[in-house]
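Here are my notes for you on this one, written as numbered points. Keep the structure open while you read and click through the residues as they come up.

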Amino acid sequence: MPSSKAVPSSRTHLPEWRAVADHARVSGQLPLRELFAADHHRAERLSFEACGLFVDHSKQRLNDGTLPLLVQLAQACGLRDRIDAMFAGGRINATENRAVLHVALRAPRTESITLDGQDVVPGVHEVLDRMAAFCDRVRKGEWLGHTGKRIRTVVNIGIGGSDLGPVMAYTALRHYADRELAFRFVSNVDGTDFAEAVHGLDPAETLFIVSSKTFTTQETLANARTARAWALAALGAEAAVAKHFVAVSTNAKEVAGFGIDTANMFGFWDWVGGRYSMDSAIGLSTMLAIGPERFRELLAGFHAMDEHFRTADFEQNLPVLQGLIAVWNTTFLGAHTIAVLPYDQYLARFPAYLQQLAMESNGKRVTLDGRVIDDYETCPVYWGEPGTNGQHSFYQLIHQGTRLIPCDFIGFLKSLNPVGRHHDLLMANCFAQAEALAFGKTTAEVRADGVPEDLVAHKTFPGNRPSTTILAERLTPHVLGSLVALYEHAVFTAGAIWDVNPFDQWGVELGKVLANRIVPELESGTEPTLDHHDPSTAALIRRYRAR
């Protein structure tokens, strides 16, 4: 990947890295109480706004020198060159020799993004137009099943990015969904997932979307074949498959062999990673739910944040700052996790979506050039639940536990479902939790409340627990697109600082290989041997077979 300056093989050799590390030792533990007391304009200075999002970083452990040093580190790590290379179609996924162009999936028709001399944008819109035409037919009741009934339920079959993105988007945008259509999702190869997803459904009114780029993904194909058998058991004729199954894939031969009409196959490209694919044809279920126009609003939100990321100065760049603060907390302050806490029930699946986006991207232990990273920490664990549920679950640990857990609070100024005082109560809790984490309650304050001395320590809150608060007017398709792109590009930014490839996922391969070896030993009675397995695994296989 081209760079305007030579970068040492180890990030820790950079003077900019050492400057941030020295700064962290001196300033990383400064109490937020003191920082706010010394600067009454801190909240204004450390809040940023773009693309419908307002982001307040003032409750992070940052002083006047922190962000400038982090920006200098980003510049030294070649972040600007990497951003430019991504948008220019450079093959920045070096281990797979692929471009990374999910930004092309949401580019307007009028734009041009070139890969190997060819503009990819027209192809993107050709697929989007075909998706829109198909969705309009289903939503209007013009697409009929094998028996002449209209489709009432859509079941998306996928796994990983082919499931987490669609599930999250449908849940997040359900307010805008056509309630005449029901949506269910199958991902786990556990038969229970399929059995529960189709429970109570009428095969004559059910449409399956099989999402697998290669149409060979083990779990997805196992579920797809089970769905095929389930449908044909009721509908009889093989011809019914073409009326009740469509594919998101690029393998026309396998799709046709399954019985799906390739006219109803929607493709995408090898420059789209699975966890970056929710706005490609993988989003077919999303478009079916909210309609083509709303889906275009979603894409517009993505594109707005793409352009902000591409053009804004790092000092005001929302994704860059988000990514740099994640690096600051993880690598320099020693945090091992980040809690994502959406105060909107529609975003219930957003933390799970971010788990794959961040941890599959940056959960790496070697640099781009293959050097083992042994002198700094990379990706933290992402996790979370919607507020206020989490407050009655794990917030205890965040407030008074021994671990440093930075938090991202996400909230909206207006509810999509205003009911009495509910939204005021919800957002009061959101703001209060961030305030309590930052400032806590001192021993003196506890004693002043008249708390018995033997309980003072128990009721003291140390505070100085960092958080970011992200606000938007309301949860719309456009805002969701901006929010997802914010985290996409923040993950990219952090990966650039850590010098890892955020676009491969070799870590998922070994388990698949070993599982394929074990399957025949479970099904055929082949005796597991210590030549193939360790003693523990061999014993587990024998115990399973002896069931």
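How much space lies in the second largest cavity? About 50 Å³. Before going further, remember that this is a predicted model, so treat everything below as computed from it.

1. **The second largest cavity.** Start with that space of about 50 Å³. Sorted by class, the lining has 7 nonpolar residues, 2 polar and 1 charged.

2. **The largest cavity.** The count gives 2 cavities of 30 Å³ or more, and the largest has a volume of about 150 Å³. There are 21 residues in the lining of the largest cavity, and those nearest its centre are Gln-322, Ala-326, Ile-338, Tyr-382 and Asp-408. Helix H14 (318–332), H15 and H20 each give two or more residues to this lining. By class you get 13 nonpolar, 7 polar and 1 charged.

3. **The largest pocket.** Now look at the largest pocket, with a volume of about 1,100 Å³. It has 39 lining residues, and Thr-217, Gly-274, Gln-505, Val-508 and Lys-512 lie nearest its centre. Two or more residues each come from helix H7 (161–172), helix H9 (218–235), helix H15 (350–362) and H21. H7 gives the largest share, with 4 residues. The pocket lining splits into 11 nonpolar, 18 polar and 10 charged residues.

4. **The open sheet.** Next, find the 5 strands that form an open sheet, in the order E6-E5-E7-E8-E9, with parallel pairing. E6 and E9 are the edge strands, each pairing on one side only. As a reminder, strands of a sheet pair through backbone hydrogen bonds, and the pairing can be parallel or antiparallel. At one end of the order, E5 and strand E6 (residues 182–186) pair over 5 bridges in the parallel sense, and Asn-156 stands opposite Phe-185 in E6. At the other end, E8 and E9 run parallel and are joined by 2 bridges, with Val-248 opposite Phe-266 in E9.

5. **Strand E5.** Is strand E5 buried or exposed? Of the 5 residues of E5 (residues 153–157), 5 are buried, so the strand is largely enclosed by the rest of the structure. You can check this on both faces: Thr-153, Val-155 and Ile-157 are buried on one side, and Val-154 and Asn-156 are buried on the other.

6. For antiparallel pairing, go to strand E1 (residues 47–50) and strand E2 (residues 53–56), which are joined by 4 bridges. Ala-50 has Leu-53 in E2 as its bridge partner.

7. **Aromatic pairs.** The model has 21 aromatic pairs by count. Take Phe-245 and Phe-258: their ring centres are 5.5 Å apart and their planes are at 65°, so this pair is edge-to-face. Phe-245 sits in strand E8 (residues 245–248) and Phe-258 in helix H11 (residues 252–258), so the pair ties together parts 13 residues apart in sequence. Both Phe-245 and Phe-258 are buried. Compare Tyr-276 and Phe-503, with ring centres 5.4 Å apart and planes at 55°, so that pair is tilted. Here the link is between distant parts of the chain: Tyr-276 is in the loop between strand E9 (265–266) and helix H12 (284–290), while Phe-503 is in the loop between helix H20 (477–498) and helix H21 (509–523), 227 residues apart. Tyr-276 and Phe-503 are buried too.

8. **A ring cluster, and charges over rings.** Phe-245 and Phe-258 come up again in a cluster that ring pairs build with Phe-208, Phe-215 and Trp-230. Phe-258 also has the charged end of Arg-228 sitting over its ring, 5.6 Å from the centre. Elsewhere, Lys-243 lies over the face of Trp-143, at 5.9 Å from the ring centre.

Note on methods:
Residues numbered from 1 in each chain as written. Predicted model: local features only at pLDDT ≥ 70, side-chain atom pairs only at ≥ 80, totals over all residues. Heavy atoms only, no water. Phe/Tyr/Trp six-rings, centres within 6.5 Å; stacked < 30°, edge-to-face > 60°. Buried < 20%, exposed > 50% of the residue type's maximum accessible area, 1.4 Å probe, protein only. Lys NZ or Arg CZ within 6 Å of the ring centre and 35° of its normal. 1 Å grid on protein atoms, 1.4 Å probe; cavity = no way out; pocket = protein on both sides within 12 Å on 5 of 7 lines; lining within 4 Å. Points joined across faces, edges and corners; volume = space filled by probe spheres on them. Nonpolar A, V, L, I, M, F, W, Y, C, P; charged D, E, K, R; others polar. Pairing = 2+ DSSP bridges.
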